[in-house]
Amino acid sequence: MAFTGKTVKLSTGYEMPIVGLGTWQSGKDGEVQKAVVTALEKGYRHIDCAAVYGNEKEVGEGLAEAFSKGVCKREDVFVVSKIWNTFHEPEDVLPQLKKSLKDLQLEYLDLYLVHWPIAFQKDKENPTNMFPKAPSGLPVYADISPSVTFKAMTELPKDLVRSVGVSNYNKRQIEEATAAAGVAPAVIQIESHPYFLNDKLITFALSKGIQVTAYSPLGAPARPWVKADDPVVLKDPVVLAIADKHKVSAGQVLIRFQLERGVTCIPKSGNPDRIAQNFDVMNLKLSDDEVKQLKALNKDYRACVPSITNDEGKTVPRDASHPHFPWNEEY
């Protein structure tokens, strides 16, 4: 069901703006700081971050600049971060939260997510190494239940984090985490766009009162492992035709598509004009037929799967052998 306002109330009672700025792959030459300031000046009140993006200090500089300029106040902005795979042990959760808070120059987070259900072993010689590797070149995995990490998140001090959730968990992992913690995640963040609807997981999560946020709603065209022949949803003729009809960009159509489904989203851009454009979707309305056309584009095509090339020259998911890899199941 489409949103009726600019925010959605989470199960914790807090309001989350339905469109946020993504910051993955932002950070060169002050790009992310400028993007954060620009976004807040254009009306965004939701900034999505993660420790592994390596740019939370720059995001923090952007937030501090916007606050000091009077663009907005801290209490007006919904800030999200995520704990990384090397810090899934319960004793690591609070220190990692505090590190993100320090980097972001904040006293509290509005939402803290478990970034992935898969854990890596910590590098004891270099604890800041987020990708400890085996001789094979693959990450060194750790068998830590995703439920254990989520339960530790729910036990964080409420003055440091207001809501907690997960990212990239499957249905079973959500159910197990909820049972272990005695409370469901407030939010799940997952990939979704017309080429990968993720409909079953979205329907399940919403039915449990878990708000869904779509990452890569534009199909992540600049992802590091993209190939020249990969499908590009931003260039799909159906998307372009709908955009032309409404005199908007393809990106605006894809963002509005999620909002029509009751799914919040976090498009990323470092371009000031595109940042403004991506937010200018509140008055755009797609017809039921247009939503149906966009849904019909589904290819079950995941764009955001960290991948490697195997000995046979095939591209395969990097972490498929991890005991908690989420996508070996239907949804």
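Two strands count as paired here if DSSP finds at least two bridges between them. I also keep to DSSP runs for the elements, numbered from the N terminus: helices are H or I with at least four residues, strands are E with at least two.

Housekeeping next. I'm looking at a predicted model, where local features need pLDDT of at least 70, side-chain atom pairs count only at pLDDT 80 or more, and totals for chains, interfaces and linings use all residues. Residues are numbered from 1 along each chain as its sequence is written, and side-chain values use heavy atoms, with hydrogens and water left out.

**Entry: the sheet.** I looked up the strand order and found an open sheet of eight strands, β3-β4-β5-β6-β9-β10-β11-β12, with parallel pairing. Its edge strands are β3 (21-22) and β12 (264-265), each pairing on one side only.

**Entry: around β9.** I checked how covered β9 (residues 161-167) is: six of its seven residues are buried, buried being under 20% relative accessible area and exposed over 50%, with partly exposed in between (1.4 Å probe, protein chains only). To β6 (residues 109-114), β9 is joined in parallel by five bridges, and Y112 has V164 as its bridge partner. With β10 (residues 187-191), β9 pairs in the parallel sense over two bridges, and V166 stands opposite I188. From β9 the chain goes through helix α5 (residues 171-181) to β10, a right-handed β-α-β crossover; that is, with the strands pointing away from me, the path from the first strand over the helix to the second runs clockwise.

**Entry: on to β11.** β10 and β11 (residues 211-215) are parallel too, over five bridges. Here Q189 stands opposite T213.

Entry: Leaving aside neighbours within four places in sequence, L63 is in contact (heavy atoms within 4.5 Å) with residues including V36, I47 and L104.

**Entry: helix α7.** Which residues of α7 (residues 237-246) are buried? I noted V239, I242 and A243. They sit on the same side of α7 because they cover an arc of only 100 degrees around the axis, taken from the directions from the helix axis to the C-beta atoms. On the other side, P237, D244 and K245 are exposed. Covering the buried residues are, among others, α8 and α10 (288-295). After α7 comes K247, with a positive phi near 60 degrees.
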